[in-house]
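Keep the picture open beside the text as you read.

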Amino acid sequence: MTGVQTCALPIYTVFCEGSSITLDAGTGFDYYIWHNGDTSQTFLADTTGQYIVQVLNQGGNLITNGDFEQGNIEFYSDYNYAVTSTGTYGEYTISNDPVTFNSGWSPCTQLTPMGNNMMIIDGAITINEFVWCTDITVSPNTDYSFSAWVQSVYANAPAILSFTINGISIGNTLNASSTTCQWNEFYEIWNSGSNVNIQICITNQNTVAIGNDFALDDISFVPLCKKTDTINITVAPTPTAAFTFGNECFGTPTQFTDASTVPTGSITGWSWNFGDSNTSAQQNPSHTYAAAGLYRSEEHTSELQSHS
């Protein structure tokens, strides 16, 4: 599985009010999740606050034949396998068309456009029978994403699926749509803790006899590598530049005195332009003009707020 390199966010940044900065978590990740749920690689920050990004890379699917392309293998079930329906509840087949199993069902297609099979199920009338189970080996203290897709093949009484790992439910139940041939996804992230060998199962909580017919496809259980990075941003209020001056006689130094203000923090930089191509970075500079005349003097200030 591809690891996750360190995120590329700086630790802290300050910029002036009215400005913004584009935060870039870096390339090479499968998924990005920012503090507000945004899933882009970059994020435009323009307000004071803490910005958090989590980046993830995912490994390969640990479930063999989760797309049923290999047929009726690599899983087990409390349901009975049949090529075509015998009229008994709690049966399933592996096929690309529900109509081949029961002519009264909708001609739904598999989830993957290039795939050929899905698991097609006539729901049992007995509670807590395993529809689908498999056993796999996992690494301790690792996050995994568990995903499965379901569609109804008959509109009445849609299936209500629950998902368990070692007999413990994860996530919420997934209600199949009452609209046939509409795929819906179950997705949950699970941490293995101290587990090494696990049993993953899907059960149907609906026991209605008429209806309760559905299909499963593209079941996956994928390890995730993730990193989280944080940046604290302060948007500094804009200083108000002001100054006074005295002794503006030709041939003698004119004294410029800074009178600028800022609502919070402190002014840490000054940039003077005396109007005759001369400049200064002092707070209270003096300047002697070489010739009499009318000069436009300007002061620009900057602020830096302290941070830890």
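F68 is buried, with a relative accessible area of 0%. Here, buried means under 20% relative accessible area, exposed means over 50%, and partly exposed lies in between (1.4 Å probe, protein chains only). You will find F68 in the loop between β5 (49-58) and β6 (80-81). Strands such as these are DSSP runs of E with at least two residues, while helices are runs of H or I with at least four residues, and both are numbered from the N terminus. F68 also has a positive phi of about 65°, although it is not a glycine.

This is a predicted model, in which local features need pLDDT of at least 70, side-chain atom pairs count only at pLDDT 80 or more, and totals for chains, interfaces and linings use all residues. Residues are numbered from 1 along each chain as its sequence is written, and side-chain values use heavy atoms, leaving out hydrogens and water.

E74 is found in the loop between β5 and β6, and its phi is near 70°, a positive value in a residue other than glycine. E74 is partly exposed, with a relative accessible area of 44%.

**The overall form**

How many helices and strands does the protein chain have? The count is 0 helices and 22 strands. The radius of gyration is 33 Å, well over the 19 Å that the globule rule gives for 308 residues, so the chain is more spread out than a compact globule. That radius is taken over C-alpha atoms, and the globule rule is 2.2 Å times the number of residues to the power 0.38. Along its principal axes, the C-alpha trace spans about 110 × 40 × 30 Å.

Buried residues make up 41% of the 308 residues. The chain exposes about 15400 Å², of which carbon and sulfur atoms supply 49%; such areas come from the Shrake-Rupley method with a 1.4 Å probe, and for residues only the protein chains shown count as cover. Now think of contacts, meaning heavy atoms within 4.5 Å. Among contacts between residues at least 6 apart in sequence, 69% join residues at least 24 apart.

**The nonpolar cores**

A nonpolar core is a set of buried Ala, Val, Leu, Ile, Met, Phe, Trp, Tyr and Cys residues joined through side-chain atoms within 4.5 Å. The largest one has 33 residues, and those with the most contacts inside it are M119, W132, F163, I200, L216 and F221. Among the strands that each supply at least two residues of this core are β7 (91-95), β8 (118-122) and β9 (130-137). A second, separate core of 14 residues includes L23, Y32, F43 and A45.

What does L216 touch? Not counting residues up to four places away in sequence, its partners include F68, M119, W132, W149 and I202. That brings us back to F68, the buried residue where we began.

**Charged and polar pairs**

Side chains of opposite charge can pair when their charged atoms come close. A salt bridge is counted when a side-chain nitrogen of Lys or Arg is within 4 Å of a carboxyl oxygen of Asp or Glu, and the count comes to 1. K226 forms a salt bridge with D143, with the closest N and O atoms 2.6 Å apart. The pair links distant parts of the chain, 83 residues apart: K226 is in strand β16 (residues 213-236) and D143 in strand β10 (residues 143-152). K226 is partly exposed, at 41% relative accessible area, whereas D143 is buried, at 11%.

Polar contacts are pairs of N or O atoms within 3.5 Å; within protein, one must be able to donate a hydrogen and the other to accept it, and residues adjacent in sequence count only if both atoms are side-chain atoms. Here are some that join side chains:

| Pair | Polar contact |
|---|---|
| D258 and W270 | 3.0 Å |
| D258 and Q283 | 3.3 Å |
| T228 and Q54 | 3.4 Å |
| H287 and D276 | 2.8 Å |

D258 is found in strand β18 (residues 254-258) and is buried, with a relative accessible area of 14%. H287 sits in strand β21 (residues 286-287) and counts as buried at 10%. T228, in strand β16, is partly exposed at 48%. Leaving aside neighbours within four places in sequence, T228 is in contact with I52, V53 and Q54.
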